[in-house]
Amino acid sequence: MWVGVEPLLSLFVLSLPVIWLIDWRLSSHSSSLNPTKFLSLFLFFLLLLIVSQAVLGHLDSPSHYYAVNWGISDSLLIGIQHFSTGPEGRLILVAFFYWIYVLIRHKSKILPVTVFSLPLIPLIAIGASAGSFEPVSQTIVSPFSPSPTLYPFFISLITGILLGEAMIQALPMFLEKEISFLKARFVIILWVLVILVVSFKDSISSLSPSDSALSFIFFSSLMIVADIIGGVSETFPESKGETWASLAFTFVLIAISLILINSFSEGISLFGIGLISILSVLGSQIPSLGFDKRNRSAHRWSIFGMGLASLLLITFESLDKISIQFLSATILLIPISWNSVDRYSRSNELR
């Protein structure tokens with residue numbers, strides 16, 4: 001039965017806000033029926049239907065443009081390989097494997113669908129924006145379609161598993177006021193592995209929209225690593241509480257990175273630089289408004305504001321590679337340098 005991949009992808013994207021609203025409203029109420037369980041299973045079956053319909057389009061005769069571009073076969077195994085070879089198919093498979101792993105691996109009886117489904121946004125919404133799965137009637141397949149291999153399928157599987165485990169391990173840390181290095185080191189390693197996997201680009205993953213979606217995941221992972229490192233730095237004696245020296249150092253590095261981007265990058269406008277600056281400043285004010293009581297929260301929220309603006313620009317393809325490199329280096333360097341700046345500042349005060 002052919003339902004059509006494009007309507008299913010649209011249904012999935014439109015279902016996420018509704019699911020989040022239901023999860024927010026009902027998760028706090030005690031009930032014999034667990035709505036979050038049904039919501040997570042709904043997303044799973046919808047992903048399963050999307051993948052199955054997309055693979056069916058690669059069998060016998062092409063049913064969508066994606067099959068025209070990447071090939072068809074009489075074999076189900078080869079059809080799966082054709083599907084996984086293209087950029088959009090790879091993203092959808094990563095989302096599919098990620099959600100399966102989260103459902104199996106998550107030990108809590110209540111799965112926070114609202115939080116765990118966030119990585120599905122770039123994998124589905126951005127991956128479906130190219131219109132590659134629109135139905136076609138012609139039976140001619142592009143002669144330039146690559147030979148299918150199992151390599152893209154396994155890359156999607158590994159990426160989905162790593163992303164799922166990293167999310168499961170990292171979420172409890174965001175609720176803790178203090179993060180020790182012993183607890184954080186394994187989580188940091190997981191997110192670094194995710195960063196390395198999505199950073200590896202071949203001839204297919206470098207194509208749009210896969211490139212934008214993987215850059216989105218790369219930058220999001222980098223923000224999480226930076227936040228965890230910032231939480232670890234709070235446990236050191238010289239960095240207890242919010243220090244003006246390291247806060248000023250944070251904004252100096254952000255300003256330097258924006259100056260470098262304006263000098264060397266041709267893919268970002270003054271609007272993008274202004275957006276990063278404004279959200280960085282607004283992010284640092286969130287603790288003063290009473291939304292966060294953590295130590296050094298102004299520092300970490302300024303990085304969040306900077307990262308959020310960068311993610312918005314990545315989504316609309318307004319950041320080139322050199323801009324992403326400058327911003328990535330800044331986001332990592334800031335929390336790593338906090339303790340050194342605080343130590344130097346305190347030693348000068350004692351003199």
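Let's start with a pair of helices: H12 and H13 are roughly antiparallel to each other, a label given to angles over 145 degrees, while angles under 35 count as roughly parallel, 65 to 115 as roughly perpendicular and the rest as oblique. Helix H12 covers residues 270-284 and helix H13 residues 297-315, and the two pack at an angle of about 150° with their axes 7 Å apart. Here the axes are lines fitted to C-alpha atoms, for helices over the stretch in contact, and angles run from 0 to 180 degrees between N-to-C directions. Helices (H or I, at least four residues) and strands (E, at least two) are DSSP runs, numbered from the N terminus.

Before going further, a word on the model: it is predicted, local features need pLDDT of at least 70, side-chain atom pairs count only at pLDDT 80 or more, and totals for chains, interfaces and linings use all residues. Residues are numbered from 1 along each chain as its sequence is written, and side-chain values use heavy atoms, with hydrogens and water left out.

Back to our pair. H12 passes H13 in a right-handed crossing, meaning that the near helix is turned clockwise from the far one by less than a right angle, with anticlockwise giving a left-handed crossing. On the H12 side, the residues in contact (heavy atoms within 4.5 Å) include Gly272, Leu275, Ile276 and Leu279, and among their partners in H13 are Trp301, Gly305, Met306 and Leu313. By class, this contact has nine nonpolar, seven polar and no charged residues. Ala, Val, Leu, Ile, Met, Phe, Trp, Tyr, Cys and Pro count as nonpolar, Asp, Glu, Lys and Arg as charged, and the others, Gly among them, as polar.

H13 itself deserves a look. Of its 19 residues, 15 are buried, so H13 is largely enclosed by the rest of the structure; buried means under 20% relative accessible area, exposed over 50% and partly exposed in between (1.4 Å probe, protein chains only). After H13 comes Glu317, with a positive phi near 55°.

On its other partner, H12 packs with helix H11 (residues 244-264) at an angle of about 170°, their axes 10 Å apart. That makes H11 roughly antiparallel to H12. Phe251, Ile254, Leu258 and Asn262 of H11 meet H12 residues including Ile273, Ile276 and Val281.

Now step back to the whole protein chain, which has 14 helices and zero strands. Buried residues make up 52% of its 351 residues. Among contacts between residues at least 6 apart in sequence, 77% join residues at least 24 apart.

Ile19 touches Leu39, Phe42, Leu43 and Val113, leaving aside residues up to four places away in sequence. Ile19 and Leu43 are 24 residues apart in sequence, and their C-alpha atoms are 9.2 Å apart.

Finally, visit two loops. Ile72 lies between helix H3 (65-70) and helix H4 (76-85) and is partly exposed at 25% relative accessibility. Its contacts beyond four places in sequence include Gly57, Asp60, His82 and Val141. Asp60 belongs to the loop between helix H2 (35-56) and H3, and is exposed with a relative accessible area of 58%. Although not a glycine, Asp60 has a positive phi of about 65°. Most residues other than glycine have a negative phi.
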